[in-house]
Amino acid sequence: MLLAEVEIRHSRPVAPTRRVALGLTVLPSEPTPGWGPVLLGGLIAANAPSLDTDATIDLYRLVDNLEAGYSVPQPQLRHRFQKDVVGLDRSVHTLVGEGEQVWFDFDDHALPEVNVLGALYAAVTLPVEHRKATFNIIRKAMMWDGGVDFALVAHLLGDESSFARWNTMPVDMRWAMQLLGYGPNDKPTKLDMKERFRERVWGAHPDRGGDAEEMVGLTAAKRILLG
């Protein structure tokens, strides 16, 4: 049974410009939060970890501005949003359920930036009265570090109250806390963060098979949180 669907239109890989638009969407938001926001949250959880450091910080800022209802300049994440879909490729993402089982079915041939932007721009098409619940789900999706499965669905539908304090923190601090593995309820001391940083750097070092880009991000997070 189809619970929700979003069609994201985007430039083909060989195109000289980077464009993103929305096609057909089926995003029920009642009863709150509804399956539509869960699908959008899942799409973000699946794609946001692939963004680089600068794009991730830009993503937090974009979420804040869209939730507040601000008009955002284009492009965002190196892609320009438009209404015209002529000539654009198509990626269709769905949330499907059968009995008590719910799962995501994602089309994975678009860039992560495309899927993240498509999910966010689809979120602001939902009724204004559901915006807070929708963006709470999106923020929880940005914190997720597990698989894209039923556990993610349960996480997205969980308690939203813990995100009130998180939302008041500066964008770059939220990103840095997340990168070190902290959530909205965590209040680590500087000593805790130093120990966490050492652990993460140890695992991410290229000499141990880690990722150099992750090392860059961890260094930036340390600078933000510890000076």
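I looked up Tyr 121 first: at 5% relative accessibility, Tyr 121 counts as buried (under 20% relative accessible area; exposed is over 50%, partly exposed in between; 1.4 Å probe, protein chains only). The model is predicted, so I took local features only at pLDDT of at least 70 and side-chain atom pairs only at 80 or more, while totals for chains, interfaces and linings use all residues. Residues are numbered from 1 along each chain as its sequence is written, and side-chain values use heavy atoms, without hydrogens or water.

Next, aromatic pairs. I found two (ring centres of Phe, Tyr or the six-membered ring of Trp within 6.5 Å; planes under 30 degrees apart are stacked, over 60 edge-to-face, the rest tilted). Phe 81 and Tyr 121 form a tilted pair, 4.3 Å centre to centre with 35° between the planes. Phe 81 lies in strand β3 (residues 80-81) and Tyr 121 in helix α3, so the pair ties together parts 40 residues apart in sequence. Helices (H or I, at least four residues) and strands (E, at least two) are DSSP runs, numbered from the N terminus. Phe 81 is partly exposed at 29%.

Then the core. The largest nonpolar core has 66 residues (buried Ala, Val, Leu, Ile, Met, Phe, Trp, Tyr and Cys joined through side-chain atoms within 4.5 Å). Helix α3 (residues 112-123) gives the largest share, eight residues. Val 6 is among the residues with the most contacts inside this core. Beyond four places in sequence, Val 6 contacts residues including Leu 22, Val 92 and Ala 122 (heavy atoms within 4.5 Å).

Last, Thr 94. I placed Thr 94 in strand β4 (residues 89-98). Thr 94 is buried at 11%.
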